[in-house]
Amino acid sequence: MSTSKKIKNPALIIMRRELKSYFTSPIAYIVTGLFLIITGILFFTTFFLQNRAELRLLFGNLPVLLSFFVPALTMRIFAEERRVGSIETLMTLPVTEIDVVCGKYLASLLSTLAMLCPTLFYVITAEIFGSPDYGPIVGGYLGAVFLCASYTAIGIFATSITKNQIIAFFTGFIICIALTMLDSFLIFLPAKIVSVLSYISANAHFNSVARGIIDTRDLLYFASLTSLFFAMTVKSQQKSRN
């Protein structure tokens with residue numbers, strides 16, 4: 001019975017294994033600690049210096065922060081196993097490439113969301129000392145979840161193509177920051193291609209959701225971006241297995 005269950009749910013077994021490894025690793029606490037320090041500075045700068053109990057400055061910088069911290073969390077998940085050779089052992093088990101990628105992706109996404117959860121303390125602080133507008137707050141966190149889902153997919157793709165964690169980090173970071181900063185350069189481009197490139201910008205879609213506007217185009221964008229890099233990771237694993 002136990003073996004049958006394992007065969008039926010290999011992705012969940014891999015997810016649990018990865019989560020256990022994540023929460024026993026010091027890198028997880030270091031990355032999360034640095035993330036909370038920076039987000040805390042952004043929130044309390046607004047709170048104390050501008051005397052406003054809001055999270056606008058935090059959400060305004062969140063796409064850039066996630067571009068850095070999500071790849072930092074995901075950089076080891078495939079690269080380390082490639083380096084030590086344990087990925088070959090894993091792939092000899094009765095699992096498919098989709099099972100492996102799905103399990104590792106879910107574990108990485110949950111780890112990323114766990115990093116984001118403590119920032120809810122800032123919402124509590126804003127409520128105690130002010131009267132925050134919850135529309136942008138709910139929209140900001142919803143957009144953050146979408147960003148985490150997409151950037152996690154990018155991060156696991158980056159770590160699936162190399163044995164070096166540093167290379168995996170920079171590859172994921174470059175892709176994420178390019179998608180984040182793309183709309184900053186649209187003013188320098190011809191009008192004919194601005195509409196096309198603005199759709200590719202993750203920051204533009206995040207800002208749309210953060211304003212409380214739930215547009216199907218934004219949902220489609222994040223779903224497509226996540227699916228694209230998830231599929232590319234599966235292809236990468238299939239190629240390395242063959």
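## Aromatic pairs

The structure contains 16 aromatic pairs. The model in which they occur is a predicted one. A pair of aromatic rings is described by the distance of the centres and the angle of the planes.

## An edge-to-face pair between helices

Tyrosine 105 and phenylalanine 230 have ring centres 6.0 Å apart, and their planes stand at 90°, so this pair is edge-to-face. Planes over 60 degrees apart fall into that class.

Helix H7 (residues 97-116) contributes tyrosine 105, while helix H13 (residues 216-241) contributes phenylalanine 230; the pair therefore ties together parts that are 125 residues apart in sequence. Tyrosine 105 has a relative accessibility of 9% and therefore counts as buried, the limit for this being under 20%.

A stacked arrangement is found for phenylalanine 169 and phenylalanine 173, with 6.0 Å from centre to centre and 10° between the planes. Both residues belong to helix H10 (residues 165-181); because they are four residues apart, about one helical turn separates them.

The two residues of this pair are assigned to separate accessibility classes. Phenylalanine 169 is buried, at a relative accessible area of 9%, whereas phenylalanine 173, at 23% relative accessibility, counts as partly exposed.

## Aromatic cluster

Phe169 and Phe173 also belong to one aromatic cluster, together with Phe35, Phe68, Phe69 and Phe170.

## A lysine over a ring

Phenylalanine 78 has lysine 104 lying over the face of its ring, at 5.1 Å from the ring centre.

Methods:
Residues numbered from 1 in each chain as written. Predicted model: local features only at pLDDT ≥ 70, side-chain atom pairs only at ≥ 80, totals over all residues. Heavy atoms only, no water. Phe/Tyr/Trp six-rings, centres within 6.5 Å; stacked < 30°, edge-to-face > 60°. Helix = DSSP H or I, 4+ residues; strand = E, 2+ residues; numbered from the N terminus. Buried < 20%, exposed > 50% of the residue type's maximum accessible area, 1.4 Å probe, protein only. Lys NZ or Arg CZ within 6 Å of the ring centre and 35° of its normal.
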